[in-house]
Amino acid sequence: MLTLRQLFLANNAQTTNFPLLLEFERAEGVYLYDKDNKPYIDLIAGIGVSNTGHGHPYVIEAIKTQLDKYLHLMVYGEYVQSPQVKLAEKLVSLLPDTLQSIYFVNSGAEAVEGAMKLAKRYTDRREVLACYDSYHGSTQGALSIMGNEEYKQAYRPLLPGTGFIRFNNVDDLKLITTQTACVVIETVQGEAGIRVPDITYMQALNARCQQTGTLLVLDEIQAAMGRTGKLFAFEHYGIVPDILVLAKALGGGMPLGAFIASNQIMDALKENPMLGHITTFGGHPVCCAAGLAALEVILNEQLIATVGEKEALFRELLIHPAIKQVRGKGLMLAAEFESFDLNKKIIDRCISNGVITDWFLHCSNSMRIAPPLVITAEQIEQACSVIIEAVEYFA
Ligand code: PLP
C-alpha cells in the first residue's frame, strides 16, 4: 500500500520539484503536530493566515454554528446572508468612513483582480502601475502586476497597460499620470523580503494619486488584521486608500478575500454592463462566520496591543554576526543572511528541530518570521534559541 506521502507525490499536483513534504496530523495555537506528535512552532502562520492561532476554539465554534445553519445558497451579492452582512458591518465600523462597501471574494488574487477591474471601470483609464518585487497573486491579471520578470515571462502575453515603479522611491512617483487608473501597492511589501516604506513616501504617493485622479489600491493581504501592530497597516501612515484589498487572515483560516471601496466607487460595478464582477463562492457563509469570529478574537483578546513587544523580543534575540539585518514591522519580519545557501541550511535545520520557517519568493537570502499573533514570549524565546543554534551550527 502506498504511503500518504507517495500518494501525494503521485496524485497531487506539485509546483516545484522540492516540496517540503512535512506531514501534520493536527494544529493548535502556534503548534503543528506531526504523526509522532512532535510539535513544531509555526513561524509562518500558513503564510500570514493564522493570526489567531490554529484552531482557535471561538473560531471553530463559529464555523460549527454556521455549518448547522446553511452552506452555499447563491452566487455573491443577491441574497441577504447574515454572516456576510455581519462581517461587513464589523469591518466597516473599524475602517475610515470612505471604505464602507465590501465585495467578498475567495482569495487574495481574486480580490486584486476585482480591485484592478473596479479601478479601470471607475476611472475609465486603462493603465495600472505596481512596484518592482511586488507579489499580488498568481492569476493572469495579478501576475501581470507582479514585479519579477522571472515568474512572468513564460506566461506572456499578459495584461497590456501595466507598468512598474520602484517601491519607496519618490522620484518614480512622476510616472503616475492622469492616464493611470490605479497604483496597486503592498503597504508593507511581503515577498520582496518584508520592505517597510517611509511615511514620507506613502504620503507623497497618496498625494500624487490624488493630484492625478489615480486610485490608490493598497494590498494588505499579508499585512492587515493586526500583523504589523495596527489592524490595517495603512493606519501607520496617516493615509486612506481608495481601494483596500484583504485576504489571508481575513477568513480566520478559511478562504476569504475582499476588496473594499467607497459606495461611489463600488457602484461602478453595477451598470454598463451590470454584474461587473461575479463569483459563485465569494463570501461563503462559513468563511465569513470564521472571519467575523477571528476579528472578534483579535479585538477581544487585544492581540494587537502585544505585537510591538513581541517584535522587540524577536529583534533582541536574533542578534548574531551572521544575521545581517532583521527587517519589518510588528510580526511581519525577515532575518537576512549572506546567501540563499546559508539561509536554506539554517531553515532546514530549524524545521528538523521543530521550528517552521521559510524564505521569500523574491528574496531568498531572508528567513520569514510571521507567527500567529498569539505566540507567547516563552514560545518566541524557544523559537529564537532554535534559530540561533542553527545559525551557529552553519555560520
Ligand atoms: N497579495 C499579497 C501581498 C500576497 O502575499 C498574496 C499571497 O501570498 C496575494 C496577494 C495572493 O493571495 P492568494 O494566494 O490568496 O491568491
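Predicted model: local features only at pLDDT ≥ 70, side-chain atom pairs only at ≥ 80, totals over all residues.
Reader: Is the pair of Tyr-76 and Tyr-103 stacked, edge-to-face or tilted?
Author: A pair of aromatic rings is described by the distance of the centres and the angle of the planes. Planes under 30 degrees apart count as stacked, and over 60 as edge-to-face. The centres of Tyr-76 and Tyr-103 are 4.7 Å apart and the planes stand at 40°, so the pair is tilted.

Reader: How many residues apart in sequence are the parts that Tyr-76 and Tyr-103 tie together?
Author: Tyr-76 sits in the loop between helix H3 (57-69) and helix H4 (82-94). Tyr-103 belongs to strand S4 (residues 101-105). The pair therefore ties together parts whose separation in sequence is 27 residues.

Reader: Are Tyr-76 and Tyr-103 buried or exposed?
Author: Buried means under 20% relative accessible area. Tyr-76 falls in that class, and so does Tyr-103: buried.

Reader: Is the pair of Phe-232 and Phe-234 stacked or edge-to-face?
Author: Both Phe-232 and Phe-234 are buried. Their rings lie 5.9 Å apart, centre to centre. The angle between the planes is 10°, and the pair is stacked.

Reader: Which residues form one aromatic cluster with Tyr-76 and Tyr-103?
Author: The tilted pair of Tyr-76 and Tyr-103 is part of a cluster.

Reader: What are the distances of Arg-26 and Arg-349 from the ring centres?
Author: Arg-26 lies over the face of Tyr-33. Arg-349 lies over the face of Tyr-393. From the ring centre, Arg-26 is at 3.9 Å and Arg-349 at 3.6 Å.

Reader: How many nonpolar, polar and charged residues are in the shell around the ligand?
Author: Residues surrounding the ligand include Ser-107, Ala-109, His-136, Glu-186, Ile-221 and Gln-222. Gly-108, Tyr-135, Gly-137, Asp-219 and Lys-248 are also among them. By class, the shell has three nonpolar, five polar and three charged residues.

Reader: What is the distance between a polar side-chain atom of Asp-219 and a nitrogen atom of the ligand?
Author: A backbone N or O atom of Gly-108 is 2.8 Å from a ligand oxygen atom. For Tyr-135, a polar backbone atom is 3.3 Å from a nitrogen atom of the ligand. For the side chain of Asp-219, the distance to a ligand nitrogen atom is 2.7 Å.

Reader: What share of the ligand's accessible area does the protein cover?
Author: On its own, the ligand has 390 Å² of accessible area. The protein covers 82%.

Reader: Which side chain makes a polar contact with the side chain of His-56?
Author: His-56 lies in the loop between helix H2 (45-48) and H3. Its relative accessible area is 13%, so His-56 is buried. At 2.7 Å, its side chain makes a polar contact with that of Glu-301.

Reader: Which side chain makes a polar contact with the side chain of Thr-187?
Author: Thr-187 is in the loop between strand S7 (180-186) and helix H8 (199-212). Its relative accessibility is 0%, so Thr-187 counts as buried. At 2.8 Å, the side-chain partner is Glu-220.

Reader: How far apart in space are Ile-346 and Val-386?
Author: Ile-346 is in helix H12 (residues 340-352). With 0% relative accessibility, Ile-346 counts as buried. Val-386 is 40 residues from Ile-346 in sequence. From C-alpha to C-alpha, they are apart by 9.7 Å.

Reader: Where are Pro-157 and Pro-273?
Author: Most peptide bonds are trans. The bond from Arg-156 to Pro-157 is cis, with omega near 5°, and the bond from Asn-272 to Pro-273 is cis, with omega near -5°. Pro-157 is in the loop between helix H7 (149-152) and strand S6 (162-165). Pro-273 is in the loop between helix H9 (263-266) and helix H10 (285-300).

Reader: Is Lys-248 buried, partly exposed or exposed?
Author: Most residues other than glycine have a negative phi. Lys-248 has a positive phi of about 45° and lies in the loop between strand S9 (243-246) and strand S10 (257-261). Lys-248 also belongs to the ligand's surroundings. At 26% relative accessibility, Lys-248 counts as partly exposed.

Reader: What is the phi of Ile-47?
Author: Ile-47 is found in helix H2. Its relative accessible area is 22%, so Ile-47 is partly exposed. Although not a glycine, Ile-47 has a positive phi of about 60°.

How values were computed. Residues numbered from 1 in each chain as written. Heavy atoms only, no water. Phe/Tyr/Trp six-rings, centres within 6.5 Å; stacked < 30°, edge-to-face > 60°. Helix = DSSP H or I, 4+ residues; strand = E, 2+ residues; numbered from the N terminus. Buried < 20%, exposed > 50% of the residue type's maximum accessible area, 1.4 Å probe, protein only. Lys NZ or Arg CZ within 6 Å of the ring centre and 35° of its normal. Near = heavy atom within 4 Å. Polar contact = N/O pair within 3.5 Å; in protein donor to acceptor, adjacent residues only side chain to side chain. Areas by Shrake-Rupley, 256 points an atom, 1.4 Å probe, with all protein chains shown as cover. Nonpolar A, V, L, I, M, F, W, Y, C, P; charged D, E, K, R; others polar.
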